[in-house]
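Okay, thanks for coming, everyone.

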Amino acid sequence: MPKLSKNPKQVVNYMFFKDSPKTRLLLQDDTLNMENLSNVDITGIRLDHAEDLKDFAFYIKDTITINPDESKRDNGYEGKIFLLVDEDVFSAAEGFAYFVKNTEFATIVGIKTGGDGITLGVINLVFLNSGLVFTYTNTLGYGPTG
């Protein structure tokens with residue numbers, strides 16, 4: 001995107017977390033700016049399913065900004081850009097598609113994606129008896145459109 005864009009692009013996402021030992025580990029990272037949800041006024045955020053937040057304890061406002069690469073005088077692309085998506089677009093690729101959608105950087109073509117793009121990543125845990133490792137997302141993410 002920095003090579004293709006002439007203007008900065010920005011999206012604000014809202015992430016919510018339940019209180020758990022794994023979430024408390026995240027709290028130790030001061031760069032995340034995680035806050036107690038009870039201390040934050042979220043009435044100005046569009047939340048289509050705000051009732052889902054009743055069991056959540058923490059909040060992060062995540063602002064993502066992509067700036068153009070201005071290392072060359074002729075930076076930026078003048079043509080049309082299309083992003084192709086389908087149900088196999090998931091995780092980080094979904095996050096990118098959501099960013100593109102909300103900044104109108106490109107025209108999105110395809111069908112509904114697989115989701116899970118507004119998150120801090122996944123948590124890995126091990127079943128004690130079998131030793132099998134599984135992952136899960138600990139984030140309920142909302143974008144600017146709710």
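Glu104 sits in the loop that runs between helix 2 and strand 5 (107–110); helices here are DSSP runs of H or I with at least four residues, strands are runs of E with at least two, and both are numbered from the N terminus. Before I go on, this is a predicted model, with local features needing pLDDT of at least 70 and side-chain atom pairs counting only at pLDDT 80 or more, while totals for chains, interfaces and linings use all residues. Residues are numbered from 1 along each chain as its sequence is written, and side-chain values use heavy atoms, with hydrogens and water left out.

Back to Glu104, then. Its phi is positive, about 55 degrees, although Glu104 is not a glycine. Buried or exposed, at 69% relative accessibility? Glu104 counts as exposed because its relative accessibility is 69%, and the cut-offs are under 20% for buried, over 50% for exposed, and partly exposed in between, with a 1.4 Å probe and protein chains only.

There's another residue of that kind. Ser91, in the loop between strand 4 (82–85) and helix 2, has a phi near 60 degrees, again positive in a residue other than glycine. Ser91 is at 32% relative accessibility, so it counts as partly exposed.

Thr103 is found in helix 2, and it is buried, at a relative accessible area of 13%. What does Thr103 touch, if we leave aside its neighbours within four places in sequence? Lys9, Gln10 and Val11, where contact means heavy atoms within 4.5 Å.

Asn102 also lies in helix 2, and with 21% relative accessible area it is partly exposed. Leaving out residues up to four places away in sequence, Asn102 touches Val11, Pro144 and Thr145. Asn102 and Val12 are 90 residues apart in sequence, yet their C-alphas are 9.3 Å apart in space.

Let's follow the Thr103 contact over to Gln10. Gln10 belongs to strand 1 (residues 9–17) and is partly exposed at 49%. Not counting residues up to four places away, Gln10 touches Thr63, Ile64, Thr65, Phe99 and Thr103. Have a look at Thr65 in particular: 55 residues separate it from Gln10 in sequence, and the C-alphas are 4.3 Å apart. The side chains of Gln10 and Thr65 are joined by a polar contact of 2.7 Å. By polar contact I mean a pair of N or O atoms within 3.5 Å; within protein, one must be able to donate a hydrogen and the other to accept it, and residues adjacent in sequence count only if both atoms are side-chain atoms.

Asn138 is in the loop between strand 7 (133–137) and strand 8, and its side chain makes a polar contact of 3.1 Å with the side chain of Thr139. Asn138 is buried, with a relative accessible area of 13%. Beyond four places in sequence, Asn138 is in contact with Phe16, Phe17, Thr23, Leu26, Gly121 and Ile123.

Okay, pockets. On a 1 Å grid over the protein atoms alone, a pocket is an open set of points where a 1.4 Å probe fits, with protein on both sides within 12 Å along at least five of seven lines, and lining residues have an atom within 4 Å of a point. The largest pocket holds about 470 Å³ of space. It has 19 lining residues, and Glu94, Tyr98, Lys101, Thr113 and Gly115 lie nearest its centre. Which element gives the largest share of that lining? Helix 2, with four residues.

The second largest pocket comes to about 150 Å³. Glu104 turns up again here, in a lining that also includes Lys9, Tyr77 and Phe105.

Zooming out to finish: there are two helices and eight strands, in the order β-α-β-β-β-α-β-β-β-β from the N terminus. The C-alpha trace spans about 55 × 40 × 30 Å along its principal axes. Of the 146 residues, 29% are buried. And among contacts between residues at least 6 apart in sequence, 72% join residues at least 24 apart.

Definitions and conventions. Grid points are joined across faces, edges and corners, and a volume is the space filled by probe spheres set on the points.
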